[in-house]
Amino acid sequence: MVARLRSLVVAAVAVTLVSGCAASTEAPPAADPVPAGEPAASPTATVRQEAVSRAGARADVPEIEIMAQLARRAERIAKNLPEVVVPDDVSPGSNQALGYRLMVEFGFPSSQWPFLNALWHRESGWNHFADNPTSSAYGIPQSLPGDKMAVVGADWRTNPETQIKWGLAYIGARYGTPQKAWQHSEQHNWY
C-alpha cells in the first residue's frame, strides 16, 4: 500500500512538473557564508535599534526546485511517519503550530525550529495576510512577489498551509536549512 501511494505521489508530482513548471537549468545562487571568525547568527540575537525594511524571500529559485522539495516531503509522509508533537510553548491551532508540523514533515529536525520561528516572526508575525506595503512581498514567508506561491496552490493568498509549504520548499532549495536562511537574513535583511 505504501509503495503504491509513493508511486502515485511521485507520478502526480512528475505530471505537475512536466505540465506546469518551466524547467530552469540555472542553479540558485549560493548562500553567503558567515565570515570567518564571526559567530553564526542566533535567533535570540538582540533586536536592531534602527528600523529595517524586510524584503522577504526575494531570491529566484526555479519552480522545479520548489516542486522537488515538495515531492521529497510527500515521500516522507507516505512512509507513515509518527505524528508530529508540537512544542508546549506553541499555541495549538496557530499558524506557528502548523509551521512546526510542516517543518518536521519536510525533514528539518526540531532543532531548526528556533530559526524558522524567529525568521517568520520577524518577516510577518506568522500572519498569512501580511502584505508589505513597500514591495509585493506577501504572506508568512513574505514571498516576493507573492504570486510565486501559486506553484504550490491557487489559494496562496488565503491559505497559511500553502504559504508555509512554499516557504519551507524555498528555504530547503535556496539555503538547505532554516538556520542558514536566518543567518542570511541577519546579514542582508532578506532571505
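**Reading salt bridges, core and backbone in a predicted model**

Modeller: The structure holds four salt bridges, each being a side-chain nitrogen of Lys or Arg within 4 Å of a carboxyl oxygen of Asp or Glu. The model is predicted, so local features need pLDDT of at least 70 and side-chain atom pairs count only at pLDDT 80 or more, while totals for chains, interfaces and linings use all residues. Residues are numbered from 1 along each chain as its sequence is written, and side-chain values use heavy atoms, with hydrogens and water left out.

Biologist: Which residue forms a salt bridge with R73?

Modeller: Side chains of opposite charge can pair when their charged atoms come close. Here the partner of R73 is E105, and the closest N and O atoms of the two are 2.6 Å apart. This pair links distant parts of the chain, since R73 belongs to helix α2 and E105 to helix α3, 32 residues apart; helices here are DSSP runs (H or I, at least four residues), and strands are E runs of at least two, numbered from the N terminus. R73 counts as buried at 10% relative accessibility, and E105 counts as buried at 14%, where buried means under 20% relative accessible area, exposed over 50% and partly exposed in between, with a 1.4 Å probe and protein chains only.

Biologist: How many residues apart in helix α3 are E105 and R101?

Modeller: An α-helix has 3.6 residues a turn, so residues three or four places apart point the same way. E105 and R101 are separated by about one helical turn because they are four residues apart in α3, and their salt bridge has its closest N and O atoms 2.9 Å apart. R101 is partly exposed, with a relative accessible area of 29%. In helix α5, E161 and K165 are likewise four residues apart, and therefore about one helical turn, and their side chains meet in a salt bridge of 3.3 Å, N to O. Through shared partners, salt bridges join R73, R101 and E105 into one network.

Biologist: Is helix α3 mostly covered or mostly uncovered?

Modeller: Helix α3 is mostly covered, with eight of its eleven residues buried. Among these buried residues are L98, Y100, L102 and M103, and also E105. The cover over the buried residues of α3 includes α2, α4 and α5. After α3 comes G107, whose phi is positive, near 100°.

Biologist: Which residues does W113 touch, leaving aside those up to four places away in sequence?

Modeller: W113, in helix α4, touches V90, Q96, G99, Y100, M103 and W126, a contact being heavy atoms within 4.5 Å. W113 is itself buried, with a relative accessible area of 7%. W113 and P178 are 65 residues apart in sequence, yet 7.7 Å apart in space, C-alpha to C-alpha.

Biologist: Which residues of the largest nonpolar core touch the most other members?

Modeller: In soluble globular proteins, nonpolar side chains tend to be buried together. A nonpolar core is a set of buried Ala, Val, Leu, Ile, Met, Phe, Trp, Tyr and Cys residues joined through side-chain atoms within 4.5 Å. The largest such core here has 39 residues, of which W120, L168, Y170, I171 and Y191 touch the most other members. Helices α2, α3, α4, α5 and α6 each supply at least two residues of this core, and the largest share, seven residues, comes from α5.

Biologist: Which helix gives the largest share of the lining of the second largest pocket?

Modeller: Helix α3 does, with three residues.
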